[in-house]
Each structure stands twice: as C-alpha cells, then as structure tokens.
Amino acid sequence: EGCGIEGNTIRGNAGGLHLSLSSGIRVEGNRIENNSDWGVQLFSSTGNYVVRNMFINDGLLVQESYGNSVDGNTVNGKPLVYYERRSGLTVTGAVGQVVLVNCTNITVEGVAVDAVEAGLWLWGTVNSTIRDTVVQNTSWYGIRLLYSNGNRLEGNVVKGVRVCGVDFHYSGYNVLKDSSIIGNTKVGVRFASSEGNVLENCTISGNEMGVSLDRAANNALTGNIIGSNEVGV
C-alpha cells in the first residue's frame, strides 16, 4: 500500500506488473512493452492508479478488481479505453484496447485492435454491444466476457489470436452473430461455465478447435459455417 512504480521500463517478461490484493499503488509514466502474458494485471485489487503509461504490444487485464483509476494510458500509440460503472457511452475510432468493468449499455463500434493480450475485455458488463470491430494478432484473447450477461456481438472479425478468439466465461444470454472467427491458434469460440448464449450465422474456420463447450449448458449454435478447423465442435 502506498507504493509508487514510476518511470520504469518493463519489457520482455512473461508478465510485466502484477498487482494482487493491493491498494494505493500508483503505476505512472512507465514504458511497458513486449511482455508476453500481460503488461499490467489487476487481481482482487482496489484503489490503485494506473495512469499515463505507454504499453507496447501488451496491455491491461482486470479480474475481481474495482474502484481503480485508469487514465491517460496508450497501447501501441492509441488510447487505452477503461470504463468502470459507466452507462450509455459509445467507443469508436482509434483505440488500443477496451476494458469495461461493471458497465451497462456500452456500445463499441468500428474499432480495430491488435498486438495486445486481450483486445476487448468485459468484466461484469451487461446489455452492451460490440459491433463491426476487428481484433487481430492478440496473444491471449480477442474478445473476452467474464461474468457478463445479455450482450450482443455482431459483425465482428477476430483473427490471429494465440489462445481464444471469443471467450465466454461464466457469462450467459449473450449473442454472437454475423461474425468471422478465423485463423486463431487454439480455439475460435469458447463457452466455459456459461449458459443460454447464442452463436448464429458466424464463420468459424482455420482454428485448432472451432467451438469449445466446457461445462456449458443450453447454448444454441444456429446457421454457422464451421469448417477447416482441426476439430469443429
């Protein structure tokens, strides 16, 4: 508590900076680059400041963390968009990464994200829309929803992701439709401990596994083209 991590270059690690069960930490003005798993990870942490950092080929991951101030950061020269407990906003244009925590009715439209751990990261976010967005060449996830329900993802392209193109984790009653999930190293779309989701009219090809169902119940796959994967479903 009360520490300052300022003006450092943090590069070439598996994980750049991990704050776990931490509060009152100020992470400011650092150059955080080419860390393979994450640039900064907030885990079960609150009341921290992640401000005016420059991320290059990595970014921010957030789990079970609330009440943090994240502002003025860039990812690959573009803004890192972080919203917490916000509603009714639209994200568009040039962005480096989008992180939504406990948000409602957010629209992400027409953005392009690449070379980050997770392009779009939703935690506890509901009734939001991701539309006409391209996410590519990310190391862990293209789009990841955790504990996020009732969202719509449509008209998106997710490609060249190392682990999973679109991941639904403990997330229900979301719709993924009219999208292309292609050329991802391991999994195209994963439903893990998630129920009531709809996968509709998507092209899922060139992945090691097209669609993964892991402890998933009552999800509907309708009208998709699932082909040229090592395993379809």
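Trainee: What radius of gyration does the protein have, with its 233 residues?

Mentor: This is a predicted model, where local features need pLDDT of at least 70, side-chain atom pairs count only at pLDDT 80 or more, and totals for chains, interfaces and linings use all residues. Residues are numbered from 1 along each chain as its sequence is written, and side-chain values use heavy atoms, leaving out hydrogens and water. The radius is taken over C-alpha atoms, and the globule rule is 2.2 Å times the number of residues to the power 0.38. For 233 residues a compact globule would come out near 17 Å, and the protein agrees, at 17 Å.

Trainee: How many helices and strands does the secondary structure come to?

Mentor: Both are DSSP runs numbered from the N terminus: helices are H or I with at least four residues, strands are E with at least two. Counted that way, the protein has zero helices and 31 strands.

Trainee: Which strands stand at the edges of the open sheet of six strands?

Mentor: Two strands pair if DSSP finds at least two bridges between them. The order in this sheet is E16-E19-E22-E25-E28-E31, with parallel pairing. Each edge strand has a single partner, so one side is left without a neighbour in the sheet; these are E16 (112–114) and E31 (225–227).

Trainee: Is Asn151 buried or exposed?

Mentor: Find Asn151 in the loop between strand E20 (141–146) and strand E21 (152–154). Buried means under 20% relative accessible area, exposed over 50%, and partly exposed in between, using a 1.4 Å probe and protein chains only. At 1%, Asn151 counts as buried.

Trainee: Which residue's backbone oxygen does the side chain of Asn151 reach?

Mentor: Contact here means heavy atoms within 4.5 Å. Leaving aside neighbours within four places in sequence, Asn151 is in contact with residues including Leu122, Tyr173 and Val175. At 3.0 Å, its side chain reaches the backbone oxygen of Thr125.

Trainee: How many disulfides are there by the rule used here?

Mentor: A disulfide is a covalent bond between the sulfur atoms of two cysteines. The rule asks for a pair of cysteine sulfur atoms within 2.5 Å. Cys202 is in none, as the nearest cysteine sulfur, that of Cys164, is 13 Å away. The count comes to zero.

Trainee: Cys202 and Cys3 each have a relative accessibility, so which value belongs to Cys3?

Mentor: Cys202 is buried, with a relative accessible area of 1%. Cys3 counts as partly exposed, at 43%.

Trainee: What separates the C-alpha atoms of Gly29 and Met54?

Mentor: Gly29 is found in the loop between strand E4 (26–28) and strand E5 (31–33), and Gly29 is partly exposed at 40%. Not counting residues up to four places away in sequence, Gly29 touches Gly7, Asn8, Val51, Arg52 and Asn53. Met54 is 25 residues from Gly29 along the chain, yet their C-alpha atoms are separated by 7.1 Å.

Trainee: And which strand does Pro79 lie in?

Mentor: Pro79 is partly exposed, with a relative accessible area of 41%. Beyond four places away in sequence, Pro79 touches residues including Asn73, Ala94 and Gln97. The strand that holds Pro79 spans residues 78–84 and is E12.

Note on methods
A polar contact is a pair of N or O atoms within 3.5 Å; within protein, one must be able to donate a hydrogen and the other to accept it, and residues adjacent in sequence count only if both atoms are side-chain atoms.
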